[in-house]
Amino acid sequence: MTRKQKKMLVRIAVSAVLLIAAVLVPYQGLWRFALFLPAYFVIGWDVLWRAIRNIAHGQVFDENFLMSVATVGAVALGDMGEAVAVMVFYQLGALFEEYAVGRSRGSIAALMDLRPDKAELERDGEVVSVEPEEVAPGSVIVVRPGERVPIDGVVIEGESALDTSALTGESLPRPCAPGDEISSGCVSLTGLLRVRTTRPFGESAVSRILELAQQASARKSRSERFITR
């Protein structure tokens with residue numbers, strides 16, 4: 001949780017405590033209104049400010065304007081408790097959303113670490129480092145212990161234990177031997193492998209995962225913009 005999210009959580013907690021205290025105190029009239037007012041501004045001042053700022057820039061209809069109208073309307077009707085409660089739940093929902101988005105960004109960043117920087121290609125009896133995009137299907141690549149498999153293929157020589165946790169979440173290493181298919185993104189833990197590639201890098205497991213993650217992120221952005229409107 002970021003520092004900004006922690007500050008918002010404190011604001012929500014303080015406003016909720018003030019709301020409960022104002023509800024329990026048996027005051028009426030202006031005194032009751034005065035008790036609810038701090039709770040409302042503690043939790044809602046930034047929403048009101050964003051609504052005013054957006055209106056000044058010609059962007060009137062958004063969620064900030066909606067929450068401002070709803071809560072100011074409740075205040076005008078004399079229901080300060082409802083105004084504060086609505087703002088508290090709105091800010092709590094926004095906090096959960098921001099936290100979830102942060103987790104998603106962290107997951108996508110972790111996925112980017114799966115993308116290999118190079119592939120060890122056997123060419124004319126030598127092993128040369130090339131970009132994974134340069135390796136054609138049917139080529140032979142070498143994966144040394146501790147290295148990540150860059151392209152999907154079939155083991156033709158060597159045995160090893162594969163760490164597949166980045167792809168499957170499985171914590172136990174999976175043994176592999178000649179004839180076994182292996183996916184890009186796995187890490188060879190114990191032995192050197194010679195692998196014959198079965199598909200281009202753009203169609204391998206890591207590339208497909210990254211592409212799906214990026215497409216999902218783009219679709220989510222369009223959905224969020226539509227929901228805001």
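The legends below describe several close-up views of one predicted model.

In this predicted model, local features need pLDDT of at least 70 and side-chain atom pairs count only at pLDDT 80 or more, whereas totals for chains, interfaces and linings use all residues. Residues are numbered from 1 along each chain as its sequence is written, and side-chain values use heavy atoms, with hydrogens and water left out.

View 1. Helices (H or I, at least four residues) and strands (E, at least two) are DSSP runs, numbered from the N terminus. Of the 229 residues in the chain, 32% count as buried, where buried means under 20% relative accessible area, exposed means over 50%, and partly exposed lies in between (1.4 Å probe, protein chains only). Among the contacts (heavy atoms within 4.5 Å) with a separation of 6 or more, 62% come from residues 24 or more positions apart.

**View 2. Six strands form an open sheet in the order β2-β1-β3-β9-β4-β7.** The pairing in this sheet is antiparallel, and two strands are said to pair if DSSP finds at least two bridges between them. Strands β2 and β7 (181-182) stand at the edges with a single partner strand each, so one side of each is left without a neighbour in the sheet.

**View 3. Strands β1 (residues 119-123) and β2 (residues 126-130) pair in the antiparallel sense over five bridges.** Ala119 stands opposite Val130 in β2, and Arg123 has Glu126 as its bridge partner in β2. The hairpin of β1 and β2 has two residues between the strands, and Asp124 takes a positive phi near 55° there. Strand β1 is also joined by two bridges to strand β3 (residues 140-143), again antiparallel, with Glu120 opposite Val142 in β3.

**View 4. An open sheet of three strands has the order β6-β5-β8.** Its pairing is antiparallel, and β6 (174-176) and β8 (187-188) stand at the edges, each with a single partner strand, so one side of each is left without a neighbour in the sheet. Strand β5 (residues 160-163) pairs with β8 over two bridges, and in β8 the bridge partner of Leu162 is Ser188.

**View 5. The largest nonpolar core contains 18 residues.** A nonpolar core is a set of buried Ala, Val, Leu, Ile, Met, Phe, Trp, Tyr and Cys residues joined through side-chain atoms within 4.5 Å. The members that touch the most other members are Ile12, Phe36, Tyr40, Ile43, Val84, Met87 and Val88. Helices α1 (3-24), α2, α3 (63-76) and α4 (80-112) each supply at least two residues of this core. A second, separate core of 16 residues includes Leu121, Ile141, Val149 and Leu162.

**View 6. Phe41, Trp45, Trp49 and Ile52 form a nonpolar patch on the surface.** Together these residues have about 480 Å² of accessible area, a value from the Shrake-Rupley method with a 1.4 Å probe, in which only the protein chains shown count as cover for residues. Patches are made of residues with over 30% relative accessible area and no salt bridge, with like charges joined within 9 Å and nonpolar side chains (Val, Leu, Ile, Met, Phe, Trp, Tyr) within 5 Å; a salt bridge is a side-chain nitrogen of Lys or Arg within 4 Å of a carboxyl oxygen of Asp or Glu. Trp45 is found in helix α2 (residues 30-56) and is partly exposed, with a relative accessible area of 48%.
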